[in-house]
Amino acid sequence: MTSPPVIRVAGVSKAFRAAGGGPPARVLKDVNLSVPKGCLYGLIGPGASGKSILLKMLTGLMKPDVGSIEIEGADVTRMGELDLQKLRLKFGMLFQNNALFDHLTVGANIAFPLQRLFSLPKDEVERRVAERLACVALSGFEGRLPGGLSGGQKKRVGVARATITNAPIVLYDEPAAGLDPVTSQKIFELLRKEQRAIDATCIMVSSDLDRLLTVTDRVGMMYRGELIFDGSTHEAQTSTEPRVRQFVHGLTEGPL
Amino acid sequence: MATTSPGQASHPADVDPVPEAHAPPGPVAALGGSAIDLFLGGKELLSVFIRTLYYSVRGKREKGAFTTQMYEIGNKSVFFLSITMGFIGMILVYQSGLQAKRVVPDYTMLGATYLELLVRDFAASIGALMLATRVGAGIAAEIGSMVVTEQVDALRMCAADPIDFLIVPRFKASVIMTTVLIVWAGTVAYLTGAATAYVAFDVAPQTFFNMALIDVGDVSVGLAKCLAYGAAIPVVSGYCGLSTFGGSEGVGWATTRAVVNTSLTIIILNFFISTAGFLIFPG
């Protein structure tokens, strides 16, 4: 017997009005997706295929034009802002651009979700921030400002912030972008270890397929707003679908 | 067709458009579309204002945010406002003196009428227009940058309403500091006006410093304008910042819209408050 999906996306489409009154740009087309509890789902696809938009829709940061998105059975598309705030307690999220608050120190950035979402004592917050920083190999960086960090360091601070609440659902948008191969592998392994430790449900968008596919349970591929593949990691690696095959194996010849 | 609203996620610039068959809109449709956009924009601006008032009372206090904004909006504008209002004071008195010389060659009421004009209208309106360019543009650029770098989305993921976290501290600080700055800037304009009157028209300071025409109505209207402009600048420019889309070009547009819309709002508010002032204090 399989457990009910934690994340269920049904028939989701989205279009944006183009600047200057041109034709609308359809960014998602009839996307259907289910992610069971405890699954690490890799979402892959070429740039501008709608992966980041889909992640934002799962948290209610964007609303689809049509379709439904259920998180643990609750329809996100019908929620008001107050309900969405409660729903977001269940989420940790790493944004593509890290989205670190420029005016806050690294420590304050990582502590921010804890302080806003939970009423924890100050020393407990500090302890957890220090522990998170140690996990991403940035111990002692608490007092630094994001402006003084390299791209890779910012990414690691973003990872620390996304995981500090031990949320049951975590969304990672390019967790390894800008990292060297060794740090990248360490980050993927860390995220996998933590996901298993709390049996979290994760969706991970990454272009680093070599490493991503070593940690995922299932994989979906998006292309021009459509989910063109949804299957196990092994099925993705052995798929004969020309676009999936070309993308997964990094071939220059093919339909993409 | 979906549209984004302030505090909602931004328009994705990185998405490959998939065009549908779509005829270009005719002039009537374009006009109707613009009217609907204007209506929706006004509705969203009103929503931002109401939520700002709500969170000003019920929102979560961020340690140090209010004082930081007081410094950013107030202290950092003192020099700019002093210089501009000082020169405007000199120009106004010089031009008024030249006009007065043609009609009634008598300067005894020059200081009194100038002071009434300053207190009732010019200090607040010109000062606020100056602040709209410096403070309004700054707020829109800062919030707009946070939108395009997904910081606003990150705030919302942490249950922090961007209105509460970003606009409310600026709103409170602006209401107080705009009033303080305008009183200061008005004083500077009056003093430079007095100096100009003395140098250009030989009006003695004792004659120029004449408060005979100032009454409760003038002060009330002047203060009402300070408070209204102080509230309008962060709300309008914050709204422009939150409705930013795209990348750095979008931030540029948001900044431009903030200055234009805030200036328009100040001028429209000036009309309504002045009218109300003349009705309430007819003398």
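Tutor: Let us begin with contact, which means heavy atoms within 4.5 Å. This is a predicted model, in which local features need pLDDT of at least 70 and side-chain atom pairs count only at pLDDT 80 or more, while totals for chains, interfaces and linings use all residues. Residues are numbered from 1 along each chain as its sequence is written, chains are lettered from A and ligands numbered from 1 in the order in which they are written, and side-chain values use heavy atoms, with hydrogens and water left out.

Student: Which residues does Thr59(A) touch, not counting residues up to four places away in sequence?

Tutor: Thr59(A) touches Val76(A), Leu84(A), Arg88(A), Phe91(A), Met93(A) and Leu171(A), and also Met157(B). Helices (H or I, at least four residues) and strands (E, at least two) are DSSP runs, numbered from the N terminus. In these terms, Thr59(A) lies in the loop between helix H1 (51–58) and S4 of chain A.

Student: Is Thr59(A) buried or exposed?

Tutor: Buried means under 20% relative accessible area, exposed over 50%, and partly exposed in between, with a 1.4 Å probe and protein chains only. Thr59(A) has a relative accessible area of 0% and is therefore buried. Ala200(A), in the loop between helix H6 (181–197) and strand S8 (201–205) of chain A, is likewise buried, because its relative accessible area is 1%. Its contacts beyond four places in sequence are Gly38(A), Cys39(A), Ala167(A), Pro168(A) and Gln195(A).

Student: How is strand S6 of chain A to be read, and which way do its residues point?

Tutor: Phe91(A) and Met93(A) point one way from S6 (residues 91–94), Gly92(A) and Leu94(A) the other way, and all are buried. Two strands pair if DSSP finds at least two bridges between them. S6(A) pairs with strand S7 (residues 169–173) of chain A in the parallel sense over 4 bridges, and Gly92(A) stands opposite Val170(A).

Student: In what order do the strands of the open sheet in chain A run?

Tutor: The order of the 4 strands is S2-S1-S4-S5, with antiparallel pairing. Strand S2 (25–36) and strand S5 (74–75) are the edge strands, each pairing on one side only. Between strand S4 (residues 66–71) and S5(A) there are 2 bridges, and Ile71(A) has Ala74(A) as its bridge partner.

Student: How many helices and strands are there in chain B?

Tutor: Chain B has 9 helices and 0 strands. Of its 283 residues, 48% count as buried.

Student: Which residues have the most contacts inside the largest nonpolar core?

Tutor: A nonpolar core is a set of buried Ala, Val, Leu, Ile, Met, Phe, Trp, Tyr and Cys residues joined through side-chain atoms within 4.5 Å. The largest has 101 residues, and Ile7(A), Val9(A), Ile203(A) and Phe208(B) have the most contacts inside it. H6(B) supplies the largest share, 17 residues. Leaving aside neighbours within four places in sequence, the contacts of Phe208(B) include Val93(B), Leu110(B), Tyr190(B) and Val203(B).

Student: Which residues lie nearest the centre of the second largest pocket?

Tutor: Rolling a probe the size of a water molecule over the atoms shows where empty space is left. On a 1 Å grid over the protein atoms alone, a pocket is an open set of points where a 1.4 Å probe fits, with protein on both sides within 12 Å along at least five of seven lines; lining residues have an atom within 4 Å of a point. The second largest pocket is lined by 41 residues, with His103(A), Leu104(A), Glu62(B), Lys63(B) and Phe165(B) nearest its centre.
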